[in-house]
Amino acid sequence: NKQVVLKDYVTGFLKESDLDLVENTITLKLPEGSNEILLKNLYLSCDPFMRNLMSDIGILEKFLPYAPGSGVAKVLESGHPDYKKGDLVWGFTKWEEYSLVPSSRILFKIEHTDVPLSYYTGILGMPGMTAYAGFFEVGLPKKGEKVFVSAASGAVGQLVGQFAKLTGCYVVGSAGSKDKVDLLKNKFGFDDAFNYKEEPDLDAALKRYFPEGIDIYFENVGGKTLDAVLLNMRVHGRIVVCGMISQYNRAQPEGVTNLGNLIMKRIRMQGLAVTDYYPMYHKLVEYVVPKIKEEKIVYVEDIAEGLENGPAALVGLFNGRNVGKQVLVLARE
Ligand code: NDP
């Protein structure tokens, strides 16, 4: 059983050398009377939150020695009545070929197999639920509102932009390369997009795209972007704080200086933890599956092959190497 192992707690920018590939043996048979589930991992998800768990000693303890993560898997054996051999599931597995997981672990049974299975690491998995809950439940969008999304071409951002268009909003995204900006405008249907790395003055850039201000900001990056957005929010605007990837590798978070705008503009700034919304997962499936089939929503993935390429794929999230949802394929069946 090949596994990706975390060598030690990570400080500073995540490096490939912080992770190691090891091999050991696992019995592909459940012990007598066990209520655990034995999984063969097919697709693993590369997620920014994994970096956070690697530096927080308190949380990490639960996951050592393997890198924590989620993925799509096939049930090889089950000691739990809700799962049977051959079922396809997605949820929190580990970065390894085979996983023995307790039946208390969050595992969703995959009902729709007429869409790519890898989608359950993205649009039909944790990032999809994040985009859906964040945009609709926290953002409370109304037709005609102006929406700004950062890290807009990624696993979550590309969906927020498409949900905004389907709701009748005007949406602009920021991303870190020309290719990503083209993708936002030409593939995902954003009204406009810009490369934040080529904008020395983010406040001026936002004033260009939002002369009347922003109603909803879907926050994925934090830092300087958030500070510039605060200057450009409209009265009664909403900031959905989903993530702050620009801060995850920093020992000291950057200061945000424009929070005073929250007061007179009566802005609601609300954090989001996707785990709160899993009880409404069926709503995501009902909303998204027909739209995938009718091609009203598209989903771009960046596929890496083999566990040995996992560390590089994970590090790539923090320098923008991924174009779309970063998936790691271990096996296709
Ligand atoms: P992505 O697929 O968007 O990958 C990360 C992207 O972030 C990179 O491709 C890069 O794109 C961008 N990025 C990396 N470093 C920086 C930086 N310093 N400044 C600006 N942009 C940067 O990731 P996800 O869609 O999976 O996640 C997006 C955000 O959502 C993250 O912050 C994540 O932590 C958060 N999240 C929160 C959840 C919750 O429950 N609250 C659940 C899931 C995700 P580019 O080339 O454009 O710079």
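This is a predicted model: local features need pLDDT of at least 70, side-chain atom pairs count only at pLDDT 80 or more; totals for chains, interfaces and linings use all residues.
Residues are numbered from 1 along each chain as its sequence is written. The labels H and S stand for helices (H or I, at least four residues) and strands (E, at least two), taken as DSSP runs and numbered from the N terminus.

Alanine 151 has a phi near 45°, which is a positive value in a residue other than glycine. As background, most residues other than glycine have a negative phi. Alanine 151 counts as buried because it has 28 C-beta neighbours inside 10 Å; the term buried asks for 20 or more other C-beta atoms within 10 Å of a residue's own, exposed for 12 or fewer, and partly exposed covers what lies in between, with C-beta atoms placed from the backbone. Leucine 140, in the loop between H3 and S8, likewise has a positive phi near 45°, but leucine 140 is partly exposed, because it has 14 other C-beta atoms within 10 Å.

Let me move on to helix H4, residues 157-166. H4 is mostly covered, with eight of its 10 residues buried, and among these are Leu159, Val160 and Phe163. The cover over the buried residues of H4 includes H3, S8, S9, helix H5 (178-186) and S11, where two residues are in contact if their C-beta atoms, placed from the backbone, lie within 7 Å. H4 lies across strand S8 (146-149), S9 and strand S11 (214-219), and runs at about 165° to S9; axes here are lines fitted to C-alpha atoms, for helices over the stretch in contact, and angles run from 0 to 180 degrees between N-to-C directions. Just after H4, glycine 168 takes a positive phi of about 85°.

The sheet comes next. Six strands form an open sheet in the order S10-S9-S8-S11-S12-S13, with parallel pairing, and two strands are said to pair if DSSP finds at least two bridges between them. Strand S10 (192-195) and strand S13 (268-271) stand at the edges with a single partner strand each, so one side of each is left without a neighbour in the sheet. On average, neighbouring strands of this sheet are turned by 15° against each other, direction ignored. Strand S9 (residues 170-175) pairs with S10 in the parallel sense over four bridges, and serine 174 has phenylalanine 194, in S10, as its bridge partner.

Elsewhere in the chain we find strand S3 (residues 37-45), which is largely enclosed by the rest of the structure because eight of its nine residues are buried. S3 runs antiparallel to strand S6 (residues 98-101), to which four bridges join it, and leucine 38 has leucine 100, in S6, as its bridge partner. S3 is also joined by three bridges to strand S15 (residues 325-329), again running antiparallel, with serine 45 bridging to valine 327 in S15.

Now to the domains. The protein chain is divided into domain 1 (2-122 + 300-329) and domain 2 (126-275), with bounds that come from an automatic or database domain assignment. Their C-alpha centres lie 28 Å apart, and 17 residues of domain 1 are in contact with 17 residues of domain 2. The side of domain 1 that touches domain 2 has six nonpolar, eight polar and three charged residues; in this classing Ala, Val, Leu, Ile, Met, Phe, Trp, Tyr, Cys and Pro count as nonpolar, Asp, Glu, Lys and Arg as charged, and the others, Gly among them, as polar.

Finally, which residues come nearest to the ligand? Of the 31 residues around the ligand, these are Gly154, Gly176, Gly243, Ser246 and Gly320, where being near means that the C-beta atom, placed from the backbone, lies within 6 Å. The shell divides into 17 nonpolar, 11 polar and three charged residues, and it draws at least three residues from each of domain 1 and domain 2. Helix H3 (residues 126-138) gives the most to this shell, with three residues.
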